[in-house]
Amino acid sequence: MSTNFKEYTVADYFKDRLEEIGVDHMFGVAGNYTAGLLDTILADSQSPITIKGNANEICAGFAADAYARLKGPSALYVTYSVGAFSLLNTIAGSYVEQVPVILINGAPTNKEDQISKCAGLLYSHTTGYEFVDIHMFRPVTVAAERVNNALQAPYQIDSALTALLSEQRPIYFEVTEDIWRSPCQRPQGRIRERQNDTLTVSCAKQAAEATLKLMLSKPKSIFWAGIELQRFGLQDEFLNLLEVINRHHTMPDGQIHFVTSALSKSVIAETHPWFEGCVTLTPSEVQDLVGEDGVLVGLGAWTTGKDTGNQDIRSSNTVLSAHKGVYVGADFYPSVMLKDYLIYLTEAFEVLAKHAPAQLAGLRKPNPVCSFPNTDNQLGYDSFFAAISSWLAEDDVLIVDAGFPLIGAQRVKVPARGGFVAQAAWLSIGYSVPAGTGVKCAYPDKRSIVVVGDGAFHETCQAVADQHAYGQNTVVFVLANGIYGIEQYLVNPNPFRKPPVDYQDKLLNQVYSYNDLPSWQIAKLPDAFGGKGIKVTSVEQLLGALEEIRQNDRINYVVEVCIPKEDTPSTITAEAPTAVGEDEISNPQWPPANKF
């Protein structure tokens, strides 16, 4: 039987729909089951889609996630089970943090599935259960489709892509190998996000009116600029709201400002005169900030663990708008799109200005400044981030990993909108290095500046090889203290206290052996991966490395920054004496009340 491969196929359909919604980068590790799609893209010299290979699937997943945060939908290609299973972590992170990633998983043919079920033949990469992959991804995607016939394929593809655009979250395709080259109908109409898809009356206007009433009842306010402002491109609408309020309803010296949090850091450039700082808004922090006569207004801000200290901050003094709903104090307003809410709230303040301008005042948050380090200072987290804060340029994007680097980076002043990337809700260690790859692909004219602990670097260091292969000028600073610092701090912070408590059980006085890391010569890894390695052990050497890097904007670097084992960022140092570790059993306050 001969097949005319010039016919319009499922692979053609898939390619055309990806191009239509703006996908221009695909990351992954090629497997034989996805060749039909990849070769169809390669055969079209006019296709805008660039196929990028990666060192492994995890690096591909994190790179695709970072790219999609900044540019919109990106795609991943992998092979069945052995490739897809590695991506459960990365796709779950994209789901939690609302990032539109398309996972394309090539699968065995229909014939192979039938033989496996009926004859008991177990093919490579299979478990014997044909739905194992799709069942794994259904809970962490907004659409998951198993495409195994060409007639249904267009409807399945269109349905899932519609969900992607509407929810801005990952989707999953599992396509059997024999379907890619099967004849298929051409696209009908265009893919678009769902609008007015249910008979729902929005409460946006009522939520805005309730917010205005609460703010007028309290003389002081501060806004919390949340991650959804970036996800939905509403930064200018947010600033317009503040401009209207400050122009009509505040005194010149009492303007209302805004804060951000770890997840939303740099949604607005931190050089903006109304920026008050990047903070962790625990209930006690909120109480200290707003008191009894103030209001915290969160716009697109998520109450995730890192941002609120794993605690519920809702109160009669808070407004929280996110996830298509608004809490004004104890009252909840459902079916509210953030854009509509911002528009109605701005209009409410404009109408008020024509009749009875309010006299509101802005709250202020003490914001410690990262002072430039003296060469006599010890090289540690604080001196490192102080140097970075002074060195970072507007054309840099700072990408930091979970743990102490994320905590230490909160005081760094990021000069560009969207100039900071971190997986601050899912908090998978190892995210930052491959994310640096994706950021550079999204913003070719900017430079990815990665800050990662040595434990996290061990997870995904292969991404440095991708960066060199792509011709990128990414810089990876590895803060090497030889331990999983954040893991030690969570279970027992005693080794980080100054001085440590002298427990009778000496095990509690030192870093646990299972948090020690293998000793790597990190600065020598670029000898194999590509790029240049530098090792610094003092502030003076760090400053020299920063100067060299700035003068060489075509080279990818790995900088091994050697810091003491017991060093921590200043915020950790301050709270360690009163903190209670999850397994610090000799502490008189153990177990910690806020956890157990």
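A: Here are some notes on a helix, a hairpin, a sheet and the cysteines.
A: This is a predicted model, where local features need pLDDT of at least 70, side-chain atom pairs count only at pLDDT 80 or more, and totals for chains, interfaces and linings use all residues. Residues are numbered from 1 along each chain as its sequence is written, and side-chain values use heavy atoms, with hydrogens and water left out.

Q: How many disulfides are there?
A: Zero, from a search of the whole structure; a disulfide here is a pair of cysteine sulfur atoms within 2.5 Å.

Q: And Cys 118, buried or exposed?
A: Cys 118 is exposed, at 69% relative accessible area. Cys 184 is buried, at 10%. Buried means under 20% relative accessible area, exposed over 50%, and partly exposed in between, with a 1.4 Å probe and protein chains only.

Q: Which residues of α13 are buried?
A: Leu 338, Tyr 341, Leu 342, Leu 345, Thr 346, Ala 348, Phe 349, Leu 352 and Ala 353. They lie on the same side of α13, because their arc around the axis is only 155 degrees. That arc is taken over the directions from the helix axis to the C-beta atoms.

Q: What covers them?
A: The cover includes α8, α9, α10, β10, β11 and β12, with contact meaning heavy atoms within 4.5 Å. Exposed Lys 354 and His 355 are on the face turned away from the buried side.

Q: What does β12 pair with?
A: Strand β12 (325–328) pairs with β13 (331–334), antiparallel, over four bridges; pairing requires at least two DSSP bridges between two strands. Val 328 is opposite Asp 331. The two strands form a hairpin with two residues between them, and Gly 329 in the turn has a positive phi of about 60 degrees.

Q: What is the strand order in the open sheet?
A: The order is β16-β15-β17-β18-β20-β19, six strands with parallel pairing. The edge strands are β16 and β19, each pairing on one side only.

Q: How many bridges between β15 and β17?
A: Five, in the parallel sense. Leu 398 stands opposite Ile 449 in β17.
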